[in-house]
Amino acid sequence: MNSVRKYQLDPILSDERGLFFEVLNKIDITHIIVTTFTKDAIRGNQFRKKMDQYFFLTSGKLKLILLNPENSDDRHEIDMVQGTMVFIPKGYAFVSKGIKDSILLEMSPQHFDPENPDIQKYNISI
């Protein structure tokens with residue numbers, strides 16, 4: 001199983017119009033979701049057996065907790081701010097909480113089938 005990775009991306013361009021981030025390069029992505037959070041909103045408490053995921057925080061601030069259900073010592077608490085990218089390998093459970101209103105871009109190289117969503121519920125306290 002691959003390991004969780006956190007990256008803090010710097011914008012490749014920043015001017016009076018705003019920021020320009022290169023989020024991924026040379027990785028095929030077949031599934032993209034935009035998730036919004038209001039302050040204190042909790043989302044997730046699930047894991048996927050077949051999908052790796054990339055989370056990129058476009059704005060706001062989140063707390064993300066990841067847990068390997070097969071090894072409770074393999075727990076990651078990650079504070080996400082604008083520009084934070086986290087790789088979540090398949091098989092890790094996750095939950096996220098909006099510390100501020102936030103927008104999260106979720107991406108996966110594996111196909112998402114809405115008829116068979118591969119979502120397993122899990123309960124992580126946050």
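# Pocket, core and selected residues

Five strands, β4 (31-37), β5 (42-47), β6 (53-59), β10 (93-98) and β11 (102-108), each contribute at least two residues to the lining of the largest pocket, where strands are DSSP runs of E with at least two residues, numbered from the N terminus. The model is a predicted one, in which local features need pLDDT of at least 70 and side-chain atom pairs count only at pLDDT 80 or more, while totals for chains, interfaces and linings use all residues. Residues are numbered from 1 along each chain as its sequence is written, and side-chain values use heavy atoms, with hydrogens and water left out.

The volume of the largest pocket is about 240 Å³. Lining it are 16 residues, of which I33, T35, Q46, R48 and E106 are the closest to its centre. A pocket here is an open set of points on a 1 Å grid over the protein atoms alone, where a 1.4 Å probe fits, with protein on both sides within 12 Å along at least five of seven lines, and lining residues have an atom within 4 Å of a point; the volume is the space filled by probe spheres set on the points, which are joined across faces, edges and corners. Strand β4 provides the largest share of the lining, four residues. By residue class, the lining comprises seven nonpolar, six polar and three charged residues, with Ala, Val, Leu, Ile, Met, Phe, Trp, Tyr, Cys and Pro taken as nonpolar, Asp, Glu, Lys and Arg as charged, and the others, Gly among them, as polar.

From the pocket we turn to the core. The largest nonpolar core holds 14 residues, and L64, L66, M80, V86 and I88 have the most contacts inside it. Such a core is a set of buried Ala, Val, Leu, Ile, Met, Phe, Trp, Tyr and Cys residues joined through side-chain atoms within 4.5 Å, and buried means under 20% relative accessible area, exposed over 50%, and partly exposed in between, using a 1.4 Å probe and protein chains only. At least two residues of this core come from each of β6, β7 (61-68), β8 (71-81) and β9 (84-88), and β7 gives the most, with three. Setting aside neighbours within four places in sequence, M80 is in contact (heavy atoms within 4.5 Å) with F55, L57, G60, K61, L62, L64, V86 and L104.

H76 lies in strand β8 and is partly exposed, at a relative accessible area of 24%. Beyond its neighbours within four places in sequence, H76 is in contact with V4, L64, I65, L66 and Y92. The side chains of H76 and D74 are joined by a polar contact of 2.8 Å, that is, a pair of N or O atoms within 3.5 Å, of which, within protein, one must be able to donate a hydrogen and the other to accept it, residues adjacent in sequence counting only if both atoms are side-chain atoms.

In strand β11 lies S108, which is buried, with a relative accessible area of 0%. The side chain of S108 reaches the backbone oxygen of D52 at 2.7 Å. Residues up to four places away in sequence not counted, S108 touches I29, T30, H31, M51 and D52.

D40, in the loop between β4 and β5, has a positive phi of about 75° although it is not a glycine, and D40 is partly exposed at 46% relative accessible area. N45, in strand β5, is also a residue other than glycine with a positive phi, near 55°, but N45 counts as buried, at 16% relative accessibility.
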